[in-house]
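Subject: Handover of a structure for your review

Dear colleague,

Please find below the structure that I am handing over to you.

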Amino acid sequence: MKDIQVCIGSVCHLKGSYDIINRLNGLIADNGLNDKYKVKATFCLGNCVGAVCVKFNDKIYTVLPETAEQFFNEHVKGGVA
Amino acid sequence: MYFIDTSFNSLIKYGEELCGDHIEQARLNDCTILVLSDGLGSGVKANILATLTSKIAVTMLKNGSTLEETIDTIVHTLPVCSERHLAYSTFTIIKIYNDGRGYAAEFDNPFIFLIRNGQTVPLKREKRELNGKTIYECSFVMDEYTLLVAVSDGVVHAGVGRSLDLGWQWENVDKFIKNIDISANAFDVTDSVLKECGKLYEDMAGDDTTVLSIKMKEQETINLFTGPPKNPAKDYDIIKEILSSEGKVVVCGGTTANIVARSLGAELEVDLSTMTQELPPIGKIPGVELVTEGVITINKALEIMRDYVDPNKNDIAVKKLRERNSASMLASIIIEKCDRLNMWVGQAVNPVHQNPKYPMDFQFKMNQLKEFASVARQMGKTVNVVFI
């Protein structure tokens, strides 16, 4: 089980953490990966300039609600195989 | 000092649209005044009598009028019923000070119930005649184990003509209230008494039925830590100082929370179930009362606090206090559990605040906290602000 950590600090919240968490949860379920990934919220990841910060495999990515699916396909789903 | 937890609600007489009982409340710096009034008859007429009586009483008493002046004004103001040729409305006036001292003046309502640790507290009532009305006055002391309930006669008559020939009766109501769990808050008490009345009336109340409950909640010092200290080298020392201060600690701010967790060697967990579209979720750090995001949460909590001190919006705020989100939890701690507020305000500037596109910059934060302190002072809290 791997965690996908979504920052919910002030800036990230304003830029759409709420939607990103919901979208990632939806994508994980749609792809039948509930036993592999878990979306977790985290307080400030320290890179407010790159909000919304998403931490996965020890790397911090900048994700927006509209790029959530792209992030998921490229880095999460792509990484399964 | 205590927080005076009050809750009231009514069942309206079956078939009526308006309630003939009315309660008014005024929260002052050192005390809370409540007036429960039951107007003659039912429906519109009763509603007007009860509303006038309780509004006049609360307005005059909070502005320092004596009981004599207040009752005199009520007697000379109430419209006379054209059928009964009477201007009549009962009242129970209750005044509770923040230190627990209480006073009641009762006229023609069922006597108040005062319960301490499941036992009825005997009250020494003094009889007084004012404007031809017999009024009973009494004084008492409340603490966190004391519950005060005032009701309209619809409660002691509950069930008349239905499940009970003589109605519920004062002694039985007293027994019922004594059995309510001492940890219940005022809302739960009012709710359970009214539910019982509804049951006895078989959901068709024969009279307007009103319950007012008062409980005292112990308050304490709250240390609100928001924003990382200006000098990161001092983080650890400052956190040690805050955590060892008297009272409970509340942390507002993502980075601040991370620093506190790190200094404690603790895991910072996020409780996603408290997240809403508007508000980031709360976090959990052992030994810390509440952990939230900073500027957005404080802004929302401040809105609730502002409404709370506005008599016209107080009821909206009270409802919001019970919601499960970070701002409601923060506002509830400040309003209900805090008599002394120490605000530890970090002066570090987040680089993103330099971005003109970001609407909540450092200055916004400082102004917001200034207002937060001032609204808390308006509530009668002692507020101390430390810049770190």
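This is a predicted model: local features need pLDDT of at least 70, side-chain atom pairs count only at pLDDT 80 or more; totals for chains, interfaces and linings use all residues.

Chain A

Strand β1 (residues 2–7) of chain A pairs with β2(A) in the parallel sense, and six bridges connect the two. Within this pairing, Lys38(A) of β2(A) is the residue opposite Asp3(A).

Taken along the principal axes, the box filled by the C-alpha atoms of chain A is roughly 30 × 20 × 20 Å. The radius of gyration of chain A is 11 Å, which agrees with the value near 12 Å that a compact globule of 81 residues would have.

Chain B: domain 1

The domain assignment of chain B gives domain 1 as 2–217 and domain 2 as 220–387. The C-alpha centres of these two domains of chain B are 37 Å apart.

Chain B contains an open sheet of five strands with antiparallel pairing, in the order β1-β11-β10-β6-β7 (chain B). Its edge strands, β1 (2–11) and β7 (119–120) of chain B, each pair on one side only. Strand β11 (residues 209–218) of chain B runs antiparallel to β1(B), and ten bridges join the two. One bridge is that of Ile4(B), whose partner in β11(B) is Met216(B).

Helix α4 (residues 170–178) of chain B lies across β6 (113–116), β7 and β10 (146–151) of chain B, at about 35 degrees to β6(B). Helix α5 (residues 186–200) of chain B lies across β1, β10 and β11 of chain B, at about 20 degrees to β1(B).

A further set of pairings involves strand β9 (residues 133–141) of chain B. Strand β5 (residues 101–107) of chain B pairs with β9(B) in the antiparallel sense over six bridges, and Ala104(B) has Cys138(B) of β9(B) as its bridge partner. Strand β8 (residues 126–130) of chain B also runs antiparallel to β9(B), and five bridges join them. There, Glu126(B) has Glu137(B) of β9(B) as its bridge partner. The hairpin of β8(B) and β9(B) has two residues between the strands, and Asn131(B) takes a positive phi near 50 degrees in it.

Chain B: a helix pair

Helix α6 (residues 235–243) and helix α7 (residues 254–264) of chain B pack with their axes 10 Å apart, at an angle of about 85 degrees. Because angles of 65 to 115 degrees count as roughly perpendicular, α6(B) is roughly perpendicular to α7(B). On the α6(B) side the contact is made by Asp235(B), Tyr236(B) and Ile239(B), and on the α7(B) side by Ile259(B), Val260(B) and Ser263(B). These residues divide into four nonpolar, one polar and one charged.

The interface

How many residues of each chain take part in the contact between chain B and chain A? The contact involves 21 residues of chain B and 13 residues of chain A. On the side of chain B that touches chain A, the elements giving two or more residues are α7 and α8 (295–309) of chain B. The largest share, four residues, comes from α7(B). By class, this side of chain B has 13 nonpolar, seven polar and one charged residues.

Yours sincerely

Notes:
Residues are numbered from 1 along each chain as its sequence is written. Chains are lettered from A and ligands numbered from 1 in the order in which they are written. Domain bounds come from an automatic or database domain assignment. Axes are lines fitted to C-alpha atoms, for helices over the stretch in contact, and angles run from 0 to 180 degrees between N-to-C directions. Angles under 35 degrees count as roughly parallel, over 145 as roughly antiparallel, 65 to 115 as roughly perpendicular and the rest as oblique. Two residues are in contact if their C-beta atoms, placed from the backbone, lie within 7 Å. Ala, Val, Leu, Ile, Met, Phe, Trp, Tyr, Cys and Pro count as nonpolar, Asp, Glu, Lys and Arg as charged, and the others, Gly among them, as polar. Two strands pair if DSSP finds at least two bridges between them. The radius of gyration is taken over C-alpha atoms; the globule rule is 2.2 Å times the number of residues to the power 0.38.
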